[in-house]
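Please look over the sequence and the model before reading on.

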Amino acid sequence: MTSIKVELKQHQAEKLREVCRSFGNQEGELINVLHKAQGIFGYLPAEVQEMVAEELNVPVARVYGVVTFYSFFSMIPKGRNPISICTGTACYVRGAEKVLDEFRKQLSIGIGETTPDGKFSINCLRCVGACGLAPVVMIGEKTYGRVAPDEVKAILKEYEND
Amino acid sequence: MNTINLTIDKKPVSVPAGTTVLEAARSLGIQIPTLCYLGLHDLNIENKPAGCRICVVEVEGRRNLAPACATDCAEGMVVSTHNIRVLNARRTVMELILSDHPFECLTCAKNGTCDLQSMAQELGIREIHYQGEKSTYRKDTSPSIIRDVDKCILCRRCEMMCNDFQTVGALSGVNRGFQAVVAPAFEMNLEYSSCTYCGQCVAVCPTAALTEVDHTGKVLRALADPGKTVIVQTAPAVRAALGEAFGMEPGTLVTGKMVSALRELGFDHVFDTDFAADLTIMEEGTELLGRLTRFLEGDKQVRLPILTSCCPAWVNFFETYFADMKDIPSTARSPQQMFGSIAKTWFAERIGVNREDLVVVSIMPCLAKKYECQREEFSVDGNPDVDYALTTRELANLIKQANLDLKQLPDSDFDQPMGESTGAAVIFGTTGGVIEAAVRTAYEIHTGKSLNRVDFKELRGLENIRSATVDFNGFPLRIGIAHGLGNARKLLEEIREGKSEYHAIEIMACPGGCIGGGGQPLHHGDSSILKARQKAIYTEDELKVIRKSHENPAIQELYASFLGQPLSEKAHHLLHTHYFEKKKRKVSIG
């Protein structure tokens with residue numbers, strides 16, 4: 001797995017240390033700390049994992065082990081417009097997979113990946129509680145209902161100038 | 001303590017509460033097969049993730065089979081270890097493991113010593129009914145250790161040794177499913193991780209997922225080169241373990257036979273690292289006394305305790321984790337490196353050979369020695385003081401390839417002058433030995449008195465951390481001993497916090513010291529083997545005529561004709577070193 005190299009800025013580093021402190025720098029709180037850290041940074045670059053390891057006094061290899069074990073954690077930054085495609089049961093039977101395929105085709109990236117310009121990323125999620133609108137797609141905070149594959153192109157066009 | 005009564009294979013047994021089914025069965029002589037399990041209980045080492053499921057047994061009244069290694073005995077339990085259901089489950093588990101394992105047994109480095117291979121044989125596997133996904137991963141070669149993750153069965157023994165026993169934390173299980181591997185952080189190569197090359201991961205790996213870098217080919221080529229003079233040194237722990245590779249009882253001393261074998265292999269001079277161990281004592285002992293004298297004179301700046309510095313994995317460890325204290329260890333180089341530097345100066349001149357034409361090979365129980373001899377500071381104009389470090393296992397292979405039967409070889413003596421050594425040098429091979437050797441010499445120099453007894457039994461044993469006080473003419477010299485880097489870490493943290501009461505501390509990275517080194521014949525989880533090797537080392541010491549390093553005549557001559565005094569300028573130049581801060585490597589993949 002590769003990571004995108006970043007230097008943690010001073011204030012980001014301080015924020016991360018604060019998160020670790022809020023969990024008492026306890027080794028057993030590793031997952032909670034990583035959860036919060038991903039909330040701050042949007043993903044978990046190597047530098048963040050190294051700092052967490054140092055603060056919690058656990059080997060960085062072990063932190064990396066946890067990050068790669070849980071699919072919730074990601075080492076790739078999300079795009080500016082993160083696309084979430086619901087693949088819960090209702091959306092799935094209403095053709096979510098075809099919609100997903102179309103997004104992948106249009107953007108030439110896979111699930112969990114980000115376009116090279118950082119504009120879009122694709123992720124799947126399970127049921128957003130709007131089954132009546134199946135299949136559902138969310139881009140950032142905006143929700144699209146009853147999406148058909150041939151609408152994907154037009155939806156992406158909305159973000160042309162973003 | 002509560003006693004629990006149960007029956008295993010219809011045999012009644014009573015065990016203390018907290019005993020596992022595996023241990024209870026063993027007490028009855030029932031050997032439940034295990035694969036991921038590893039227990040060296042005398043050393044507080046245990047791995048029982050219950051991951052492989054080879055040790056499953058049937059417990060009456062339970063729906064599922066239970067892993068014996070991780071199931072505690074309960075009152076009235078009725079256990080069956082070999083009924084048809086259990087046997088079928090074991091075979092299925094084994095076939096599933098093998099379905100994701102390369103079939104390269106004939107050309108594999110572990111052919112014949114592989115736990116997976118012998119388990120497959122034991123379970124009578126003749127066919128694999130599952131077509132598995134054969135996951136593949138890149139090979140990773142470091143100066144000492146090769147990782148071939150395709151052969152990993154995820155037993156987690158290496159992870160346990162690296163994290164729990166050594167507290168190095170270089171290896172961890174990462175990813176999941178078929179992508180799961182044991183790897184350093186960010187799956188970087190071992191060379192860039194916090195690995196110390198102690199080799200304990202290799203020592204416990206059941207397959208060839210972790211092996212040493214093999215240098216036997218390079219040594220054979222050097223031996224075949226008529227333009228080279230090739231000399232060899234053998235570390236003390238090798239002679240106490242080499243015989244095991246030839247079916248001899250653990251603890252059989254094969255010193256004389258090993259010397260004969262090395263001569264048969266074509267080495268021009270067969271020397272002993274023990275010679276350099278005596279030299280180490282002269283330098284390190286003098287350094288200890290120097291610091292002690294200054295301390296007794298009231299010097300507040302003097303750095304005590306002094307730490308031994310012969311173990312290269314230990315040196316890597318403190319350079320990584322305790323670099324703020326890098327002025328505490330002795331500056332004395334390890335015996336391997338002292339040997340190399342004297343061989344390529346004093347000895348080379350004596351026999352009229354240029355250092356470029358002299359090849360120094362060492363036989364070591366250790367994997368970190370391979371890295372150590374490649375350290376830049378141990379070379380002159382790119383020519384290393386020690387050219388190749390082979391493990392005990394590699395030497396065994398060379399001997400077998402030369403069609404020699406070690407058992408039948410006659411005993412012979414090391415060559416002179418660098419084969420002369422004392423009992424003090426031999427005990428370098430076990431935990432507690434270096435400090436005992438140092439005490440024998442430092443006591444006599446400090447007090448001017450002759451020791452009535454040279455055996456300091458209070459320094460011996462296998463407990464993880466030991467301490468003893470030796471009376472130095474009224475001054476109580478407090479000594480600490482740790483083997484295993486996790487134990488060393490405890491003593492180091494005491495020093496950092498200013499709580500350490502010791503004047504001198506000996507540290508060895510491996511369990512038992514060099515006798516349990518990563519390059520030794522595999523112990524397969526049997527700690528009685530380590531005990532037998534330790535006993536052999538002390539026996540060799542007792543058999544020696546001279547048992548104090550400063551009485552070694554060859555060492556006396558070396559000082560008289562070449563070095564002058566211990567800690568002289570020349571000695572500093574050739575026999576001492578300095579340490580570097582090793583950054584816990586930051587990521588550089590992008």
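The text below goes through a sheet, the cysteines, the nonpolar cores and some backbone features of this predicted model.

**A sheet in chain A**

Four strands of chain A make up an open sheet with mixed pairing, and their order is β2-β1-β3-β4. The edges are taken by β2 (120–125) and β4 (142–144) of chain A, each of which has a single partner strand, so one side of each has no neighbour in the sheet. From one strand to the next, the twist averages 20 degrees.

At one end of this order, β3 (residues 137–139) of chain A pairs with β4(A) in the antiparallel sense, over three bridges. A:V137 has its bridge partner in β4(A), namely A:Y144.

**Cysteines**

How many disulfides does the structure hold over all chains? The number is zero. In the case of A:C91, the closest cysteine sulfur belongs to A:C86 and lies 3.6 Å away, which is too far for a bond because a disulfide requires sulfur atoms within 2.5 Å. A:C131 is likewise in no disulfide, and its nearest cysteine sulfur, that of A:C127, is 3.8 Å away.

A:C91 has a relative accessible area of 3% and is therefore buried. A:C131, at 40% relative accessibility, counts as partly exposed. A:C127 is partly exposed with a relative accessible area of 44%. The place of A:C127 is the loop between β2 and β3 of chain A, and the residue has a positive phi although it is not a glycine.

In soluble globular proteins, nonpolar side chains tend to be buried together. Here the largest nonpolar core has 82 residues, and B:L242 and B:W314 have the most contacts inside it. Helix α9 (residues 312–321) of chain B gives the largest share of this core, six residues.

Which residues does B:W314 touch, leaving aside its neighbours within four places in sequence? They are B:L307, B:T308, B:L485, B:A488, B:L492, B:I507 and B:A509. A second, separate core has 32 residues, including A:V52, A:V66, A:M75 and B:V174.

**Backbone features**

| Feature | Site | Angle |
|---|---|---|
| cis peptide bond | B:L304 and B:P305 | omega about 0 degrees |
| cis peptide bond | B:Q416 and B:P417 | omega about 5 degrees |
| positive phi | A:C127 | phi about 60 degrees |
| positive phi | B:T167 | phi about 50 degrees |

The chain B sites in the table fall in loops. B:P305 is in the loop between α8 (273–296) and β15 (306–307) of chain B, and B:P417 is in the loop between α12 (392–401) and α13 (423–426) of chain B. B:T167 lies in the loop between α4 (157–165) and β10 (172–174) of chain B; at 22% relative accessibility, B:T167 counts as partly exposed.

**A glycine in chain B**

B:G525 belongs to the loop between β22 (504–508) and α16 (527–543) of chain B. Is B:G525 buried or exposed? Its relative accessibility is 18%, and because buried means under 20%, B:G525 counts as buried.

Apart from neighbours within four places in sequence, B:G525 is in contact with B:L38, B:G39 and B:L40. B:K344 is 181 residues from B:G525 along the chain, and the C-alpha atoms of the two are separated by 39 Å.

Methods:
Residues are numbered from 1 along each chain as its sequence is written. Chains are lettered from A and ligands numbered from 1 in the order in which they are written. This is a predicted model: local features need pLDDT of at least 70, side-chain atom pairs count only at pLDDT 80 or more; totals for chains, interfaces and linings use all residues. Side-chain values use heavy atoms; hydrogens and water are left out. Two strands pair if DSSP finds at least two bridges between them. Helices (H or I, at least four residues) and strands (E, at least two) are DSSP runs, numbered from the N terminus. Axes are lines fitted to C-alpha atoms, for helices over the stretch in contact, and angles run from 0 to 180 degrees between N-to-C directions. Buried means under 20% relative accessible area, exposed over 50%, partly exposed in between (1.4 Å probe, protein chains only). Contact means heavy atoms within 4.5 Å. A nonpolar core is a set of buried Ala, Val, Leu, Ile, Met, Phe, Trp, Tyr and Cys residues joined through side-chain atoms within 4.5 Å.
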